[in-house]
Protein chains: 2
Amino acid sequence: MTNVAAKNPRKIAVKATSRRAGAKASARSNLPPKPASNRAERAAERRGAIIEAAMDEFIARGFAATRLDDIAKRAGVAKGTIYLHFKDKESMFEELIRTAIVPLVVRLSSTPPPPGASVRDMVELFAQNFIKEVASTRRGDLVRLIVAEGPRFPAVADFYYREVVTRGLTGMRALIELGINRGEIKQKNLAQFPQIMVAPALIAVIWQSLFGRHAPLDAIAMFRVHLDLIFGERRMA
Amino acid sequence: MTNVAAKNPRKIAVKATSRRAGAKASARSNLPPKPASNRAERAAERRGAIIEAAMDEFIARGFAATRLDDIAKRAGVAKGTIYLHFKDKESMFEELIRTAIVPLVVRLSSTPPPPGASVRDMVELFAQNFIKEVASTRRGDLVRLIVAEGPRFPAVADFYYREVVTRGLTGMRALIELGINRGEIKQKNLAQFPQIMVAPALIAVIWQSLFGRHAPLDAIAMFRVHLDLIFGERRMA
DNA sequence: TGACAATGACTGACCAGTCAGTCATAATTA
DNA sequence: TAATTATGACTGACTGGTCAGTCATTGTCA
């Protein structure tokens with residue numbers, strides 16, 4: 001019987017402006033001028049904006065304290081739009097972590113191995129990449145976020161353990177064994193605890209996240225000292 | 001009836017919130033069979049129960065997701081009672097961290113230094129204490145909680161930095177310098193980054209908290225390997 | 001009995017998730 | 001090609017539930 005329309009008559013005429021608001025919503029970060037005439041493109045763009053905004057908000061406030069209204073506002077999108085892309089807040093969070101972690105792992109694990117490099121060089125290169133890409137960027141806060149919310153999101157913790165921790169440690173163990181075989185590393189037991197190799201890098205990430213503003217830490221210099229412990233002090237060049 | 005009277009504008013303008021921190025001198029060892037006829041004692045007991053319960057809840061759920069109703073229920077107290085002891089949720093959280101951290105620091109920093117101990121022995125002893133007291137107890141989750149909530153509670157992060165981090169690092173630096181002077185430690189630069197010395201211990205704490213159930217880590221064995229890197233591999237006994 | 005401690009029902013703000021309605025664009029027809 | 005219709009992305013007011021904080025009332029000790 002459509003008396004529903006009568007129920008809310010005021011909203012009918014009002015619209016005109018809000019459509020244009022959509023156009024100015026490209027305020028999200030600094031994307032290059034993108035026409036995006038195609039529907040699917042626009043949708044993908046919006047999805048990207050939501051992910052970007054959600055990442056910022058979750059990092060800044062944590063899962064529970066983050067409001068979807070704020071994410072929507074930051075993404076330049078209505079709240080309902082979020083639900084076109086994600087089932088609910090929780091799965092949005094989990095999916096977010098996944099889509100942020102995977103390319104990070106890919107990038108870090110696909111660094112070209114220099115030809116005649118020593119194991120030390122390889123580890124140092126990796127650590128430099130890691131510190132540059134993670135410790136001094138928003139991605140570092142992402143690691144902190146995982147540490148913070150992990151226990152409440154077993155799916156996230158498991159994913160992180162599987163995709164990042166075991167992979168990273170396996171790779172590092174291989175590198176350590178190579179170093180032992182080549183005679184670069186004396187301490188045989190190190191292969192049992194690859195965690196030791198990366199510990200300072202992780203500490204640096206957490207440090208920057210918590211105390212960075214207050215007391216910055218030269219992560220790379222620290223890591224070099226750490227490498228000196230493992231590979232022996234380097235002849236100065 | 002007449003709950004409309006709640007609008008009543010004249011209210012008792014009292015409530016200089018009771019900071020009755022003075023009399024807390026009750027032996028808070030055994031909980032269940034305690035008449036505690038004395039009023040101050042009972043109050044202190046309740047306060048303790050609230051702190052205990054709040055700690056559990058905050059660790060399990062984080063700040064934002066923790067409900068005061070749950071804390072009250074767990075502490076066996078009505079919600080209003082919490083507000084007799086704490087101004088609000090936020091200051092409760094901050095005070096909580098403080099009251100939990102201080103005795104921990106005291107205990108760890110007041111370990112009796114064995115007479116003829118080497119620097120390595122001292123560090124190892126400290127690490128064993130730390131791992132035993134922190135990594136494998138609820139206190140480890142406390143560290144994780146600080147990492148998690150620190151950025152949203154600058155007061156907490158600052159406190160932790162001042163009372164724990166700088167203290168710990170200063171002490172560790174002194175120990176390292178002693179080790180260098182005694183010839184136990186070769187790597188002179190280590191004194192610049194005492195963080196390296198404790199990094200594996202912290203990693204162990206975080207590991208247990210996140211992955212412990214899934215993949216336990218022998219933190220003490222790991223730390224020994226780490227010490228071998230710094231002090232040289234030990235002659236086997 | 002008076003003073004204070006404790007209670008828990010209540011309030012109001014807040015927020016995740018919904019859905020009726022809108023409209024730009026794509027698809028279809030003439 | 002232009003006109004017409006169909007689609008579904010998008011919106012934002014709204015709902016129902018939750019929860020921090022309050023305070024009138026009740027209980028308890030000295």
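B:Arg47 has a relative accessible area of 23% and is partly exposed, a class that sits between buried (under 20% relative accessible area) and exposed (over 50%), using a 1.4 Å probe and protein chains only. B:Arg47 meets B:Glu95 in a salt bridge at 2.4 Å, N to O; the term stands for a side-chain nitrogen of Lys or Arg within 4 Å of a carboxyl oxygen of Asp or Glu. Because B:Glu95 lies in helix α4 (residues 89-109) of chain B and B:Arg47 in helix α1 (residues 39-65) of chain B, the pair ties together parts 48 residues apart in sequence. Helices here are DSSP runs (H or I, at least four residues), numbered from the N terminus.

A word on the ground rules: this is a predicted model, where local features need pLDDT of at least 70 and side-chain atom pairs count only at pLDDT 80 or more, while totals for chains, interfaces and linings use all residues. Residues are numbered from 1 along each chain as its sequence is written, chains are lettered from A and ligands numbered from 1 in the order in which they are written, and side-chain values use heavy atoms, leaving out hydrogens and water.

| Salt bridge | N to O distance |
|---|---|
| B:Glu95 and B:Arg47 | 2.4 Å |
| B:Lys79 and B:Asp69 | 3.5 Å |
| B:Arg120 and B:Asp228 | 2.8 Å |

B:Arg120 is buried at 5%, and B:Asp228 is buried too, at 12%. B:Lys79, by contrast, is partly exposed at 37%, as is B:Asp69 at 43%.

Over all chains, the count comes to 38 salt bridges. In chain A, a network of them links A:Glu52, A:Asp56, A:Glu57, A:Arg61, A:Arg74 and A:Arg138.

Notes: Helix = DSSP H or I, 4+ residues; strand = E, 2+ residues; numbered from the N terminus.
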